[in-house]
Structures are given as structure tokens and as C-alpha cells.
Amino acid sequence: LISKKGIRIEIGLNSFKSAENFTKSNLEGDFLRILLEPPEQVLKMALETIDQIENHFINQKIKLPFLLHGFNKTCWDLLELAFIKNYEARIGFEDTLTLPNGKSAKSNIELIEEAQRIK
């Protein structure tokens, strides 16, 4: 799916239900990617959500790249998982205000530099 201005659309999903709703919608198009953004702040629960969504897309035979990111408490663990799984990733103040050591980040650049060290 491409907007009238030629912008490719990403599918933002935060739950298994949202993944089901997407596939039931029968939308077709040239989607950019699937954005996995589990809202859970307990890592184990966030990982379960990710597994459910990934498995749903495998079962539906939908092959799109994933971008994985977490929020606050899960941000850094999910960033590392994205690198391990060779998924696209992102980091910024919209995801977390702190560095992995718990200190406040001074800028988005500082978050990006830390992410590059993890990669």
C-alpha cells in the first residue's frame, strides 16, 4: 500500500489481536515492514507478544521485514534482540529517556551511540 504521495506504509502491531485484525482485513499492497512494538514492561511478557505476532505471520505466510522496538523498561533488551534476529531497529526519546545503565540520556545522539555499541 502506497499513499497518494508515494509513501510506503508500515504496519504497527502491539498485540496478537492487532496482528489477527490486520490479516483479517485483507489489505493488500507494497507494505514497507511490520513494526513490532509490544507495550508490556515485563520482558517475558513482551517476548511472548513478539513470538505470537511472529508465529502468526509465519502461519499466514506473510513475509515482510520486522522492525522491533520496546519502550522504557524493555527498550534495550528488545533492541539487542532486534540485532540478534537481524531485524530493523530504532532508538530515540520516543522509546526511552535512559541509557542501559539507568542514567538519563542527554540526547538522541547519545542513545544512538549506545545502540551502536550494543550492535
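Buried here means under 20% relative accessible area, exposed over 50%, and partly exposed in between, with a 1.4 Å probe and protein chains only. This is a predicted model, in which local features need pLDDT of at least 70 and side-chain atom pairs count only at pLDDT 80 or more, while totals for chains, interfaces and linings use all residues. Residues are numbered from 1 along each chain as its sequence is written, and side-chain values use heavy atoms, with hydrogens and water left out.

Select the 4 strands of the open sheet, which has the order 1-2-3-4 and parallel pairing. Strands (E, at least two residues) and helices (H or I, at least four) are DSSP runs numbered from the N terminus, and two strands pair if DSSP finds at least two bridges between them. At the edges, pairing on one side only, are strand 1 (10–13) and strand 4 (88–89). Next, display strand 2 (residues 33–36) and strand 3 (residues 66–68), which run parallel and are joined by 3 bridges. I34 has F66 as its bridge partner in strand 3.

**The cores.** A nonpolar core is a set of buried Ala, Val, Leu, Ile, Met, Phe, Trp, Tyr and Cys residues joined through side-chain atoms within 4.5 Å. The largest has 17 residues, and L13, I34, L36, F57 and L68 have the most contacts inside it. Helix 2 gives the largest share of this core, 4 residues. A second, separate core of 8 residues includes C75, L99, A105 and L111.

**The rings.** Select F22, F31, F57, F66 and Y87, which form one aromatic cluster. Rings of Phe, Tyr and Trp (its six-membered ring) pair if their centres lie within 6.5 Å; planes under 30 degrees apart count as stacked, over 60 as edge-to-face and the rest as tilted. The whole structure holds 4 aromatic pairs. F22 and F31 are edge-to-face, at 5.5 Å centre to centre with 80° between the planes. The F22 and F57 pair is stacked, because the ring centres are 6.2 Å apart and the planes are at 25°. F22 lies in helix 1 and F57 in helix 2, so this pair ties together parts 35 residues apart in sequence. Both F22 and F57 are buried.
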